[in-house]
Amino acid sequence: MSKIKIVNSKTGYNLAADYYANKEKYWDSFEKDRVLSMLGDLKDKKVLDVGAGTGRLALRIAHAGAQVTALDVSGEMLKNLKSKVHKVIKSIKLPVETASGEAENLPFADESFDVVIATFLVVHLKDLRRFFDETYRVLNNGGLFLVTNINQRKAPAIKTKDGLIEIESYYHRPEAVVELLEELAFSVEKNEFVKEGENWVNQIILSSK
Ligand SMILES: C[S@@+](CC[C@H](N)C(=O)[O-])C[C@H]1O[C@@H](n2cnc3c(N)ncnc32)[C@H](O)[C@@H]1O
């Protein structure tokens with residue numbers, strides 16, 4: 001049996017970008033179309049997608065009329081996202097900008113976004129406090145923060161050109177995520193669970209500043 005290498009997000013997603021992009025429909029199934037509807041009218045809103053990956057949601061949000069900034073720590077994931085934006089851009093100009101950076105140290109001025117989203121990101125963050133603090137800082141007053149928390153206790157093994165890898169992951173108790181948001185002065189508006197049978201597979205939290 002080949003040995004599984006445990007790697008950080010940057011290394012892991014640089015190796016796994018194509019694997020991730022090919023499974024976007026599968027990742028959608030953990031949300032059941034709830035994310036966009038929870039965000040309401042996005043026309044002319046400034047939206048930051050943190051850990052935007054291959055742009056699974058960033059592109060849809062731009063199609064809904066928002067100006068999107070897609071931030072990620074992985075250059076290969078952003079490359080994949082950009083290639084999709086360029087394909088679309090031939091017919092309409094899709095307003096998606098990309099930024100390299102870390103969720104815990106967002107390279108943006110205070111109060112510069114109306115909406116921040118982070119889908120399937122917090123599973124890769126050990127301590128959510130710095131990311132949530134940073135999100136609060138870059139949000140306008142009254143702005144929305146949507147975060148999803150996948151129910152994953154064991155990271156999957158992913159086959160890459162460098163062999164089998166596991167990307168560093170952390171399980172976060174749903175109650176603890178809500179408590180931390182409230183402690184950091186967010187108002188939690190919705191806390192929904194996507195279920196498969198009796199089990200929850202994903203938590204979707206909408207809060208406001
Ligand atoms: C599971 S993918 C989710 C992609 C996209 N949000 C989606 O819902 O399809 C997680 C993404 O978060 C990025 N990421 C992980 N840790 C990060 C960090 N500390 N700062 C910024 N991006 C990070 C990874 O590179 C990867 O692209």
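What follows is a chat about the predicted model shown above.

Reader: What am I looking at, in terms of helices and strands?
Author: A predicted model of a protein chain with seven helices and 10 strands.

Reader: Why can the chain be called as compact as a globular protein of that length?
Author: Because its radius of gyration is 16 Å, close to the 17 Å that the globule rule gives for 209 residues. The C-alpha trace spans about 55 × 45 × 35 Å along the principal axes of the chain.

Reader: How much of the chain is buried?
Author: Buried residues are 37% of the 209.

Reader: And what share of the contacts join residues at least 24 apart?
Author: 69%, taken among contacts between residues at least 6 apart in sequence.

Reader: OK, sheets. What is the order of the strands in the open sheet of seven?
Author: The order is β4-β3-β2-β5-β6-β10-β9, and the pairing is mixed. The strands at the edges are β4 (96-100) and β9 (187-196). Each has a single partner strand, so one side of each is left without a neighbour in the sheet. From one strand to the next, the twist averages 15 degrees.

Reader: In which sense do β9 and β10 pair?
Author: Antiparallel, over nine bridges, with β10 covering residues 199-208. For a spot to look at, Glu-192 stands opposite Ile-204 in β10.

Reader: What holds paired strands together, in general?
Author: Strands of a sheet pair through backbone hydrogen bonds, either parallel or antiparallel.

Reader: Which strands does helix α7 touch?
Author: Helix α7, residues 174-183, packs on the sheet and touches β6, β9 and β10. Its direction makes about 5 degrees with that of β10.

Reader: And where does α6 lie?
Author: Helix α6 (residues 129-138) lies across β2 (46-50), β5 (113-118) and β6 (139-150). Relative to β6, helix α6 runs at about 150 degrees.

Reader: There's an open sheet of three strands too. What's its order?
Author: β1-β8-β7, with mixed pairing. β1 (5-7) and β7 (158-160) stand at the edges; each has a single partner strand, so one side of each is left without a neighbour in the sheet. The twist there averages 45 degrees from one strand to the next.

Reader: Parallel or antiparallel for β1 and β8?
Author: Parallel, over three bridges, with β8 being residues 163-167. Val-7 stands opposite Ile-167 in β8. Helix α1, residues 9-22, packs on this sheet and touches β1, β7 and β8. The direction of α1 makes about 120 degrees with that of β8.

Reader: Switching topic. Which residues come nearest to the ligand?
Author: Ser-9, Gly-51, Gly-53, Ser-74 and Thr-119, out of the 20 residues around the ligand. Sorted by class, the shell has 10 nonpolar, six polar and four charged residues.

Reader: Take Ser-74. Where does it lie?
Author: In the loop between β3 (67-72) and α5 (75-89).

Reader: Is that residue buried or exposed, and why?
Author: Ser-74 is buried, because 23 other C-beta atoms lie within 10 Å, and the cut-off for buried is 20 or more.

Reader: What does Ser-74 touch?
Author: Ser-9, Lys-10, Tyr-13, Asn-14 and Ala-17, not counting residues up to four places away in sequence.

Reader: And Glu-76, what is that in contact with?
Author: Glu-76 is in contact with Tyr-13, Asn-14 and Ala-17, again leaving aside neighbours within four places in sequence. Glu-76 is found in helix α5 and counts as partly exposed, with 18 C-beta neighbours inside 10 Å.

Reader: How far apart are Glu-76 and Asp-49?
Author: They are 27 residues apart in sequence and 16 Å apart in space, C-alpha to C-alpha.

Reader: What do most residues have?
Author: Most residues other than glycine have a negative phi.

Reader: Where is Asp-33 found?
Author: Asp-33 is in the loop between α2 (24-28) and α3 (34-39). Asp-33 is exposed, with 10 other C-beta atoms within 10 Å.

Reader: And what is the phi of Glu-111?
Author: Glu-111, which is not a glycine, has a positive phi of about 45 degrees. Glu-111 is found in the loop between β4 and β5. With 14 other C-beta atoms within 10 Å, Glu-111 is partly exposed.

Terms used
Residues are numbered from 1 along each chain as its sequence is written. This is a predicted model: local features need pLDDT of at least 70, side-chain atom pairs count only at pLDDT 80 or more; totals for chains, interfaces and linings use all residues. Helices (H or I, at least four residues) and strands (E, at least two) are DSSP runs, numbered from the N terminus. The radius of gyration is taken over C-alpha atoms; the globule rule is 2.2 Å times the number of residues to the power 0.38. A residue is buried if 20 or more other C-beta atoms lie within 10 Å of its own, exposed if 12 or fewer, and partly exposed in between; C-beta atoms are placed from the backbone. Two residues are in contact if their C-beta atoms, placed from the backbone, lie within 7 Å. Two strands pair if DSSP finds at least two bridges between them. Axes are lines fitted to C-alpha atoms, for helices over the stretch in contact, and angles run from 0 to 180 degrees between N-to-C directions. A residue is near a molecule or strand if its C-beta atom, placed from the backbone, lies within 6 Å of it. Ala, Val, Leu, Ile, Met, Phe, Trp, Tyr, Cys and Pro count as nonpolar, Asp, Glu, Lys and Arg as charged, and the others, Gly among them, as polar.
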